[in-house]
Every structure is written in structure tokens, then in C-alpha cells.
Amino acid sequence: MRVVETSGVLLCLAFSTVLALASSQGRPTTSFGTAERRPFQKKVVMQEVSFLRRQQEQKIVSLRAGEQQAGEQQESEKEEIVIIKQEVSKNTNNNNMGPKAAPPGVLRRSFPNLPWSGLPNGLTYLRCLAIPALVGIFYAEPFEHQKLVLSAMFAVASFTDWLDGYLARRWDITSAFGAFLDPVADKLMVST
């Protein structure tokens with residue numbers, strides 16, 4: 001960007017110099033006398049323009065060299081970041097868990113191929129599916145342990161509500177959908 005701005009300034013300076021020379025042709029100069037001195041003035045102006053061009057070229061060369069060095073530095077930094085990320089992923093191997101996830105416990109170490117990251121949302125889905133079962137048992141024909149079964153189902157649903165929140169925070173896999181669905185499932189469970 002600097003190269004473009006500087007070359008624009010140089011072009012403006014050269015253009016104004018050419019215009020000044022073209023406008024002074026055929027007329028006497030101001031304080032130096034007559035037109036006999038014009039060739040000397042043209043020579044001085046041309047020397048100034050060539051000097052400015054050389055300076056501009058030197059600046060362009062130095063800027064390009066600086067950009068190359070900066071590009072090389074950025075590439076090496078990117079390579080270092082990739083290497084660090086690979087090492088971290090090798091050391092943690094958390095099976096799609098968040099970056100702040102706790103290390104795997106006994107169950108996660110024993111069954112590493114299970115999709116543990118879907119467990120909190122799965123518990124919430126099961127709680128939502130248990131609502132029609134609760135309503136069905138409640139309105140079904142009374143049987144001997146109906147109230148006990150309903151109480152046990154509600155207790156299990158309450159436990160899964162606590163468990164899915166705990167696991168989502170511990171494994172750092174909270175999601176916007178889970179944060180929305182969990183309170184909805186709670187309200188539906190309590191309102192039935």
C-alpha cells in the first residue's frame with residue numbers, strides 16, 4: 001500500500017514539474033532574468049526528478065524485502081501453531097470434547113469408541129420422550145403400583161436433568177440447542 005501511495009506522489013510531482021516547464025516556455029523567467037537560463041533550470045529539475053525516482057525505487061526495493069521477511073515469519077509462525085495443535089490433540093484425545101474438558105474417566109477410557117459427546121443431548125431427548133409415557137401411565141386404568149411407577153419415572157427424569165447439565169459442563173460440550181431444549185423438557189415434565 002505504501003508503494004502505491006509513494007509512487008502516486010512521485011507521479012504528481014513529475015507531472016507538476018512538466019506542467020511548470022511547459023507553461024514557462026516562450027516567457028521570461030521571474031527573478032533570474034530571461035529565457036537564456038531555461039536550459040539550466042530544466043537540467044536542475046530533471047536531476048531532481050531522477051533523484052526522486054532513484055529514492056522511490058530504493059524504497060520499493062526495501063519494502064519488498066521487508067514484506068518477504070514478514071511473509072516468511074508468518075509462515076513459520078503458522079507452521080508452529082499447527083504443530084502445537086497436533087501435539088495437543090495427540091495428548092488429549094478427548095473424542096470431540098471441548099478444549100477445557102476434564103481428562104477421560106474410567107468409563108470413557110474403557111469404551112473410547114462410544115460417542116460420549118452426544119450423551120448430554122441424548123439424555124435430554126429421552127426426558128422429552130418420557131413425557132408421553134408419563135401422561136399415558138397417569139391416564140391409564142389404575143393399577144396396583146401406578147403412583148410408585150410415576151414417581152420413579154419422575155425421579156429418573158430429574159436425575160437425568162442434573163446429569164446432562166453436569167456432563168455438558170464437565171466435558172465442555174455445551175451447545176445453544178442443548179441450552180434451549182433442557183429448560184423446555186423441564187417445563188414439559190413438571191407441567192404434566
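Me: Hi! Which residues of helix 4 meet helix 6 here?
Reply: Hi! On the helix 4 side they are Asn121, Thr124, Tyr125, Arg127, Cys128, Ala130, Ile131 and Leu134. They meet Phe177, Gly178, Leu181, Asp182, Ala185, Asp186, Leu188 and Met189 of helix 6. Keep in mind that this is a predicted model.

Me: How do those residues divide into nonpolar, polar and charged?
Reply: The contact of helix 4 with helix 6 has 10 nonpolar residues, three polar and three charged.

Me: And at what angle do the axes of helix 4 and helix 6 cross?
Reply: They cross at roughly 25°, and the axes come within 10 Å. Angles under 35 degrees count as roughly parallel, so helix 4 is roughly parallel to helix 6. The crossing itself is left-handed.

Me: Let's switch to rings. How many aromatic pairs does the structure hold?
Reply: There are five aromatic pairs. One of them is formed by Tyr125 and Phe177. Their centres are 6.3 Å apart, with 45° between the planes, and the pair is tilted.

Me: Where in the chain do Tyr125 and Phe177 sit?
Reply: Tyr125 is in helix 4, while Phe177 is in helix 6, which covers residues 176-191. They are 52 residues apart, so this pair links distant parts of the chain. Tyr125 and Phe177 are also among the residues where helix 4 and helix 6 meet.

Me: OK, helix 5 next. How do the axes of helix 4 and helix 5 cross?
Reply: Helix 4 (residues 119-139) and helix 5 (residues 146-170) have axes that come within 9 Å and cross at roughly 165°. That makes the two helices roughly antiparallel. Their crossing is left-handed.

Me: Which residues make that contact?
Reply: From helix 4 they include Leu119, Leu123, Ala130, Leu134 and Phe138. From helix 5 they include Val149, Leu150, Met153, Ala157 and Leu167. By class, the contact of helix 4 with helix 5 has 15 nonpolar, three polar and three charged residues.

Me: What about helix 5 and helix 6, parallel or antiparallel?
Reply: Their axes cross at roughly 165° and come within 11 Å, so helix 5 and helix 6 are roughly antiparallel to each other. This crossing is left-handed.

Me: Which residues meet there?
Reply: Phe154, Ala157, Asp161 and Asp164 of helix 5 meet Asp182, Asp186, Met189 and Val190 of helix 6. That contact has four nonpolar residues, no polar ones and four charged.

Me: Last topic! What pLDDT does the protein average?
Reply: The average is 75, and 69% of the residues score at least 70.

Me: Where does pLDDT stay under 50?
Reply: That happens over residues 28-35, for which the model has 10 contacts beyond four places in sequence. Where pLDDT is low, the predicted coordinates should not be read in detail.

Note on methods
Residues numbered from 1 in each chain as written. Predicted model: local features only at pLDDT ≥ 70, side-chain atom pairs only at ≥ 80, totals over all residues. Heavy atoms only, no water. pLDDT = per-residue confidence, 0-100. Contact = heavy atoms within 4.5 Å. Axes fitted to C-alpha atoms, helices over the stretch in contact; angles between N-to-C directions. Helix = DSSP H or I, 4+ residues; strand = E, 2+ residues; numbered from the N terminus. Parallel < 35°, antiparallel > 145°, perpendicular 65-115°, else oblique. Left-handed = near helix turned anticlockwise from the far one by under 90°. Nonpolar A, V, L, I, M, F, W, Y, C, P; charged D, E, K, R; others polar. Phe/Tyr/Trp six-rings, centres within 6.5 Å; stacked < 30°, edge-to-face > 60°.
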